[in-house]
Amino acid sequence: MSVRTQQHGQHVTEIVMDRPEAMNALSTAQAEALIEVTEELAANRTVRAVVLSSAIPKAFCVGADLKERNGFDDEQLRHQREVFRRCFGGLLALPVPTVAAVEGFALGGGFELALCCDLIVGSTTATFGLPEIGVGVIPGGGGTQTLARRVGLGRAADVIFTGRRLNSEEGMEWGFVARSVAEGLAIPEALALAGVIADKSPVGARAAKRALAAGFDLPIAEGLELEHQGWLSTAFSADRKEGIAAFNEKRKPDWPGLDG
């Protein structure tokens with residue numbers, strides 16, 4: 001199985017890419033498996049945070065499987081393109097906070113999968129890059145958009161036009177890596193981070209993610225209105241009532257969540 005899930009407690013789900021023979025190179029079948037998993041998680045009301053990881057220490061994902069693609073005719077390539085769009089789109093659209101745990105290579109579509117997550121934790125072994133124009137295409141998993149939104153047009157152009165590679169320390173300096181950790185600690189750190197998020201209000205986390213994702217490119221007045229609507233959706237929720245009560249009673253909240 002090229003993609004599997006692992007549950008950590010009640011509210012954190014880890015999506016594990018596990019295709020060691022190809023260093024998680026993204027095949028049509030693996031992309032379809034990711035689509036199935038993200039659709040299931042999007043509908044799961046108990047999930048509060050998701051971690052995307054690799055079972056392979058040397059690689060998070062090395063990008064599209066070019067050996068598979070080498071034998072494609074035009075129709076097969078168009079079909080795979082739609083599958084890939086759904087794959088990246090499904091991860092980007094997850095309603096809960098997501099964390100990518102990157103050890104080793106995150107190149108091309110692998111880097112784009114990480115960029116589809118809200119936060120990236122990279123170890124000292126992590127290597128990020130978008131080499132697509134070196135094989136005659138452009139990043140097609142959202143890389144021209146997601147990277148530019150995180151680091152700015154100039155730095156995104158530098159990575160995309162030259163194919164240069166960056167480590168996690170540079171990623172932190174540039175702003176697309178949230179935390180840089182020692183070798184082997186990306187997954188534990190990502191799970192710990194997801195656990196912290198899962199302890200917060202699930203209603204609040206989902207509303208905050210919607211406001212961040214949808215409001216980033218809006219004019220400030222429209223963004224503030226979007227934020228206001230998100231605030232309204234939380235302020236009159238059972239989670240807000242529980243959060244205030246727990247604060248005043250000096251105890252850990254027992255969130256009603258989406259069913260409150």
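1. In helix 1, T28, A31, E32, L34, I35, T38 and E39 meet H79, Q80, V83, F84, R86, C87, G90 and L91 of helix 3, where contact means heavy atoms within 4.5 Å and helices are DSSP runs (H or I, at least four residues) numbered from the N terminus. The residues of this contact of helix 1 with helix 3 divide into seven nonpolar, five polar and three charged; Ala, Val, Leu, Ile, Met, Phe, Trp, Tyr, Cys and Pro count as nonpolar, Asp, Glu, Lys and Arg as charged, and the others, Gly among them, as polar.

2. This is a predicted model, in which local features need pLDDT of at least 70 and side-chain atom pairs count only at pLDDT 80 or more, while totals for chains, interfaces and linings use all residues. Residues are numbered from 1 along each chain as its sequence is written, and side-chain values use heavy atoms, with hydrogens and water left out.

3. Helix 1 (residues 28–42) and helix 3 (residues 74–92) pack at about 35°, their axes being 8 Å apart; the axes are lines fitted to C-alpha atoms over the stretch in contact, and angles run from 0 to 180 degrees between N-to-C directions. Their crossing is left-handed, that is, the near helix is turned anticlockwise from the far one by less than a right angle, clockwise being right-handed.

4. For helix 5 (residues 143–151) and helix 6 (residues 153–162), the packing angle is about 135° and the axes are 7 Å apart. That makes helix 5 oblique to helix 6 (angles under 35 degrees count as roughly parallel, over 145 as roughly antiparallel, 65 to 115 as roughly perpendicular and the rest as oblique). Helix 5 passes helix 6 in a right-handed crossing.

5. The axes of helix 9 (residues 202–215) and helix 10 (residues 220–235) cross at roughly 170° and come within 9 Å. That makes helix 9 roughly antiparallel to helix 10. The contact of helix 9 with helix 10 has five nonpolar, five polar and one charged residues.

6. The domain assignment, automatic or from a database, gives domain 1 (1–197) and domain 2 (200–247). Their contact takes 14 residues from domain 1 and seven residues from domain 2. Between them the domains bury about 880 Å², 47% of it on carbon and sulfur atoms, buried area being the accessible area (1.4 Å probe) that two parts lose on being put together, summed over both. In domain 1, R48, P95 and R149 lose the most area to domain 2, together 47% of what that side buries.

Terms used. Helices (H or I, at least four residues) and strands (E, at least two) are DSSP runs, numbered from the N terminus.
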